[in-house]
Amino acid sequence: MAINPLFPYPLYLVISEQDCYPQSWLHVAEEAIIGGVDIIQLREKNETPTGFLEKAKKLKQLTDRYGIPLVINDAVDIAIEIEAWGVHVGQNDRQPIAIREKYGHRLQIGWSLEDRTQLDSKQMAAVDHLGVSPIFPTKTKTDTITTWGISGLAELRNLTEKPLIAIGGMNLDTSASAWLSGADSIAVVSAICQSKNPRERSAQLKELLT
Ligand SMILES: Cc1ncc(COP(=O)(O)OP(=O)(O)O)c(N)n1
Ligand SMILES: Cc1nc(C(=O)O)sc1CCOP(=O)(O)O
Ligand SMILES: [Mg+2]
């Protein structure tokens with residue numbers, strides 16, 4: 001697959017302190033960027049708002065230094081405050097139209113797609129890219145509904161021109177098939193965060209996406 005000019009970020013790291021433990025999450029982020037990660041999402045599900053904001057500021061400094069986009073998970077107000085590139089929201093979060101109405105185009109908006117019927121939702125008008133949620137079951141996030149599999153991803157590719165981000169169980173064994181089946185980006189948590197060498201693992205994953 002070629003790089004999609006609407007989402008030219010083939011390797012997408014979703015990071016949290018907990019998912020990187022016992023490694024330092026900020027160190028993992030930097031090593032992953034050096035290894036080839038193109039975009040990072042900060043996803044802190046167990047932080048206080050103040051703690052999330054502090055982490056977001058630190059990560060923004062790092063991503064700015066390397067010139068890559070930062071996405072904030074769920075917390076639209078924090079994304080605005082730190083001038084993040086984007087926000088990612090799911091079906092149970094603040095919805096794309098409400099975000100667009102309030103903040104215009106200050107944020108790129110990612111939305112999780114859990115079901116084909118959601119492609120017909122009016123929310124799609126305010127969505128910039130879609131998280132295909134999930135491709136495979138994963139221990140990192142268990143409150144998902146059904147799995148798309150590679151065949152579901154390929155079907156989706158024929159149904160929408162929005163950039164598609166494959167997430168859930170993406171690793172060295174699964175990323176190439178998702179990429180070749182139409183994903184514009186491969187999002188990973190544990191494959192990088194739990195690797196002993198996040199820089200090398202990122203480079204290995206990136207190598208598959210060319
Ligand atoms: C790129 C990407 N895709 C999907 C998700 C999941 O978002 P959501 O369904 O809101 O679940 P949480 O991540 O908030 O638990 C994502 N974060 N990123
Ligand atoms: C953050 C997230 N969202 C998902 C979704 O399906 O929407 S799966 C997921 C975690 C992906 O972790 P790993 O790369 O370790 O499988
Ligand atoms: Mg969410």
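Tutor: Ligand 1 sits in the largest pocket. A pocket, on a 1 Å grid over the protein atoms alone, is an open set of points with protein on both sides within 12 Å along at least five of seven lines. A molecule sits there if more than half of its atoms lie within 2 Å of the pocket's grid points. This is a predicted model: local features need pLDDT of at least 70, side-chain atom pairs need 80 or more, and totals for chains, interfaces and linings use all residues. Residues are numbered from 1 along each chain as written, chains are lettered from A and ligands numbered from 1 in written order, and side-chain values use heavy atoms, without hydrogens and water.

Student: Which polar side-chain atom lies 2.7 Å from an oxygen atom of ligand 1?
Tutor: A polar contact is a pair of N or O atoms within 3.5 Å. Here, the atom belongs to R43. The side chain of Q41 has an N or O atom 3.0 Å from a nitrogen atom of ligand 1. A polar backbone atom of G90 is 3.1 Å from a ligand 1 oxygen.

Student: How much of ligand 1 does the protein bury?
Tutor: Accessible areas come from the Shrake-Rupley method with a 1.4 Å probe. Alone, ligand 1 exposes 420 Å², and the protein buries 95% of that.

Student: How many salt bridges does the structure hold?
Tutor: A salt bridge puts a side-chain nitrogen of Lys or Arg within 4 Å of a carboxyl oxygen of Asp or Glu. The structure holds 12. One of them pairs R199 with E31, with the closest N and O atoms 3.0 Å apart.

Notes:
Polar contact = N/O pair within 3.5 Å; in protein donor to acceptor, adjacent residues only side chain to side chain. 1 Å grid on protein atoms, 1.4 Å probe; cavity = no way out; pocket = protein on both sides within 12 Å on 5 of 7 lines; lining within 4 Å.
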